[in-house]
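Subject: Structure handover

Hi,

Here is the structure for you to take over. My notes on what turned up follow directly below it.

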Amino acid sequence: MPITNRKHLLTVLGLNEKQLEKLLSQIPKLYKPYIKKEVKSEGKTKERDICPSVGKLLAIQHRIKKQIFDLHVLPEYIQGGVKGKDCILNSKRHQGLNHHFCLDLKNFFPSVKNHRVNKVLLRLGYSPDVASIITKLITFKNQVPQGVPTSTSITNLVLHSEIDIKLEKVIEGKNIVYTRWVDDLNFSSQEDFKNLSAQITGIISNAKFKINRKKTFYKLGKVLITGCDVEQNRISAPQKLKDKLLDPKRSESSKLGVQNFINRIENTNH
């Protein structure tokens, strides 16, 4: 049940009034932002703003996730950031379907502003005071920061409220499988549904989320979904992943992790 009064929230957080006020005043000092650089296969470098929390704030965010957000039951199609689900199982749901529409949201976490967080908490039944406090505890510089325990959970709730429910109505009764892995949306069917792609993208754009056009496509046949090649009768590890096993710059422990992941993918086909 949503928390509807300040006293209940304090109990859940394990804080008294004075401790809460002190924590709220210290928030700007309890984030340690840095830029993470990732070298892509094309040789290009992608920069990502990571903003992890530390100390008491990190502990409180873990508590918010476990004792507040994790209690909200999400639809089966929401896969990312949900206990018991992973990217392999997400891919597996699309196996055997020939038509695919895959979308990726651009600058996702920064686009979820604090007013969207507050709005969804109010919509879920939290009192204005409680919604305001939670929002302050899980946002930084007016947006959801990437790299803290609560970010995927709250963005799942925001996207479900603003996008997923509308998408459900579009695909209802049309034999289309939909899954969402955080900001990675995938639709699959045995039948051609390309005529719905404009309606789907329209819902996302109208919700003021930006679509990464480079990673958004409609395709017939084998497709890469959340790290796995999805085919008619199986899912498999993409060649780019297998190539990592031959990279002399990679440590043995890293290669072992890659091999274990490949094995897990293959095991779903038995």
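K7 and T11 are exposed, on the face of helix α1 turned away from its buried side. Note that this is a predicted model. The buried residues of α1, which spans residues 6-13, are L9, L10, V12 and L13. Their arc around the axis is only 160 degrees, so they sit on the same side of α1.

At the start of α1, a side-chain oxygen of N5 comes within 3.2 Å of the backbone nitrogen of K7. After α1 comes G14, with a positive phi near 70 degrees.

Now the sheet. It is open and has four strands, in the order β4-β5-β3-β6, with antiparallel pairing. β4 and β6 (217-220) are the edge strands, each pairing on one side only. From one strand to the next, the twist averages 15 degrees.

Six of its six residues are buried, so β5 is largely enclosed by the rest of the structure. Which residues point which way? D184, N186 and S188 point one way from β5, while L185, F187 and S189 point the other way. Both sets are buried.

β5 has these partners:

- Strand β3 (residues 99-104) pairs with β5 over six bridges, in the antiparallel sense. H99 has S189 of β5 as its bridge partner. L103 stands opposite L185 in β5.
- Strand β4 (residues 177-181) is joined to β5 by five bridges, and the two run antiparallel. Here R180 has L185 of β5 as its bridge partner.

The hairpin of β4 and β5 has two residues between the strands. In that hairpin, V182 takes a positive phi near 60 degrees.

Last, the helices on the sheet. Helix α8 (residues 151-171) lies across β4 and β5. Its direction runs at about 165 degrees to β4. Helix α9 (residues 197-206) also packs on the sheet, where α9 touches β3 and β5. The direction of α9 makes about 20 degrees with that of β3.

Over to you.

Best wishes

Conventions: Residues numbered from 1 in each chain as written. Predicted model: local features only at pLDDT ≥ 70, side-chain atom pairs only at ≥ 80, totals over all residues. Heavy atoms only, no water. Buried < 20%, exposed > 50% of the residue type's maximum accessible area, 1.4 Å probe, protein only. Pairing = 2+ DSSP bridges. Arc of directions from axis to C-beta. Polar contact = N/O pair within 3.5 Å; in protein donor to acceptor, adjacent residues only side chain to side chain. Axes fitted to C-alpha atoms, helices over the stretch in contact; angles between N-to-C directions. Contact = heavy atoms within 4.5 Å.
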